[in-house]
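Colleague: I'd like to learn how to read a model like this one. Can you walk me through a few features?

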Amino acid sequence: MNNLLHFLIKQYHWFLFIIYVIISVIMLVKDNPYQQSVYLTSANSVTATVYEGIASVTGYVHLKDINEDLQERNALLEMEVVKLRNEINEYKIQLPDSNIQPRLQQFNFVVAHVISNSIAQPNNYITINRGSGDGIKPEMGVVDQNGIVGIVDVTGPHSARVISLLNPDMKLSCKLKNSEYFGSMVWDGGSPQYAILEELPKHMKFSVGDTIVTSGYSSVFPEGVIVGTVVGRARNLTDNFFSLKVKLTTNFSQLSTVRIITNDMREELKALDPNNDKEKKDNEK
Amino acid sequence: MNRTITQLIWLTIVLTLLQVVCNKIILFNVATPIIFIYVLLRLPMNMPKVWVFTIAFALGLTIDIFGNTPGMNALSCTLASSVRMPVFYLYALREDEMKTVVPSITTLGVGNYFKYMSTMVLIYCTLLFFIQAFTLHNAILTVERLLCSSVLSVALLMGIDSLVSTKREKRL
């Protein structure tokens with residue numbers, strides 16, 4: 001017994017080693033570590049402060065390209081406004097009595113800056129400088145001027161972590177523009193410029209260059225936000241569905257200013273969802 | 001001894017912050033420099049193992065928190081720290097004299113120090129990139145990444161080494 005104790009005391013550093021390894025492995029394989037702690041992610045205040053410092057310096061680097069993107073987008077939107085205005089005027093002439101009411105405004109935007117971003121990891125995350133203090137909650141959608149960026153995951157008081165679209169954990173319901181075929185968009189871990197649109201019905205038709213937009217089936221993103229363009233067919237894992245390779249319009253290596261979509265009807269929609277009731281009941285148990 | 005410790009603390013802070021920036025560098029889509037491992041390489045050989053493991057774990061965990069990679073760096077860092085001694089004695093010949101020594105160019109000689117550093121970095125990169133990938137799917141890409149990252153890291157570490165150690169070793 002004495003010998004055993006002596007041995008244990010002599011070799012205690014190896015026990016410490018094993019404990020450290022076990023802690024690391026638990027962190028590594030825990031099913032859902034992300035929602036559990038703000039402290040162990042980039043959304044905690046210390047890391048966010050460091051990243052803000054870095055971002056304030058590096059933010060200038062891509063300003064020229066981003067500016068060009070914005071100009072382009074602005075021009076497109078202006079054209080759209082002119083087109084829509086003409087259309088409304090035409091309708092007004094055709095139906096002088098009708099009262100065209102603006103639709104209920106459901107979505108709002110909060111502008112934020114990206115303070116940290118990764119594209120080369122197997123699971124990528126983005127940190128932004130807005131948090132729960134600015135009304136940001138988990139599960140809000142994030143877009144930039146070119147397209148979809150991701151979904152808010154963990155929020156700290158003044159910063160939040162966003163699951164990037166370049167993360168295999170994120171699935172996004174998308175459809176082909178001008179058709180009703182929808183599937184889910186997943187990143188396959190390869191190039192940060194491409195993703196795969198899966199689970200499309202086999203009989204659908206497509207052509208290269210078709211635009212992919214969000215389907216609007218979830219309360220996270222409004223319908224019709226641009227995601228990417230079709231490049232070609234992707235290799236299929238199962239024979240029952242059809243997959244497309246999509247070139248993403250968002251340039252993830254140059255993210256700087258993003259918009260977080262707040263959905264005013266989210267609570268209402270959530271209350272209607274039958275799955276949600278079940279979850280609540282489970283939690284109560 | 002006190003100066004070594006202060007130097008190590010400063011080195012840790014500076015290299016951790018640098019690593020946060022380095023994590024975003026992906027040269028040719030394969031090579032990511034890993035430089036914070038330098039702290040682990042420079043710990044004195046007579047430091048109690050308990051401290052070595054603890055420092056390695058804390059170091060890895062810090063990088064993980066910044067990089068949103070829970071456990072990956074912590075695990076590879078702790079594992080790498082456990083083979084530090086054997087690797088060192090692989091290249092250090094006069095074992096008895098070496099016991100109280102901080103690994104550096106003066107104590108090991110350029111050739112052996114370079115070998116020690118490359119071996120450790122290669123071990124660390126192998127652990128890290130396979131833990132990151134977690135499968136053998138796309139193994140060629142993983143191997144490419146770990147080899148390129150090791151080469152880049154060793155090159156950078158030799159540079160950092162010349163910055164950190166010149167003053168002190170000239171006095172010796």
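This is a predicted model: local features need pLDDT of at least 70, side-chain atom pairs count only at pLDDT 80 or more; totals for chains, interfaces and linings use all residues.

Colleague: How are two packed helices described?

Modeller: By the angle between their axes and the distance between the axes. Helices (H or I, at least four residues) and strands (E, at least two) are DSSP runs, numbered from the N terminus. Axes are lines fitted to C-alpha atoms, for helices over the stretch in contact, with angles from 0 to 180 degrees between N-to-C directions. Here, α4 (residues 72-82) and α8 (residues 110-133) of chain B have axes that come within 9 Å and cross at roughly 145°.

Colleague: Which residues in α4(B) and α8(B) meet?

Modeller: Contact means heavy atoms within 4.5 Å. On the α4(B) side they include Met72(B), Leu75(B) and Leu79(B), and on the α8(B) side Tyr124(B), Leu127(B) and Ile131(B) are among them. By class, that contact has 10 nonpolar, three polar and no charged residues (Ala, Val, Leu, Ile, Met, Phe, Trp, Tyr, Cys and Pro count as nonpolar, Asp, Glu, Lys and Arg as charged, the others, Gly among them, as polar).

Colleague: Is Ile212(A) buried or exposed?

Modeller: Buried means under 20% relative accessible area, exposed over 50%, partly exposed in between (1.4 Å probe, protein chains only). Ile212(A) has 0%, so it counts as buried. Ile212(A) sits in strand β9 (residues 211-214) of chain A, and its contacts include Cys174(A), Leu197(A) and Val246(A), leaving aside residues up to four places away in sequence.

Colleague: How many disulfides are there?

Modeller: Look for cysteine sulfur atoms within 2.5 Å of each other. Searching the whole structure over all chains gives zero disulfides.

Colleague: What does UniProt list for "coiled-coil region"?

Modeller: UniProt positions are in the numbering used here, feature names are shortened, and annotations may be inferred rather than shown by experiment. The unreviewed entry lists residues 60-94 of chain A. In the model, that span is 91% helix and 0% strand, with end C-alpha atoms 50 Å apart.

How values were computed:
Residues are numbered from 1 along each chain as its sequence is written. Chains are lettered from A and ligands numbered from 1 in the order in which they are written. Side-chain values use heavy atoms; hydrogens and water are left out.
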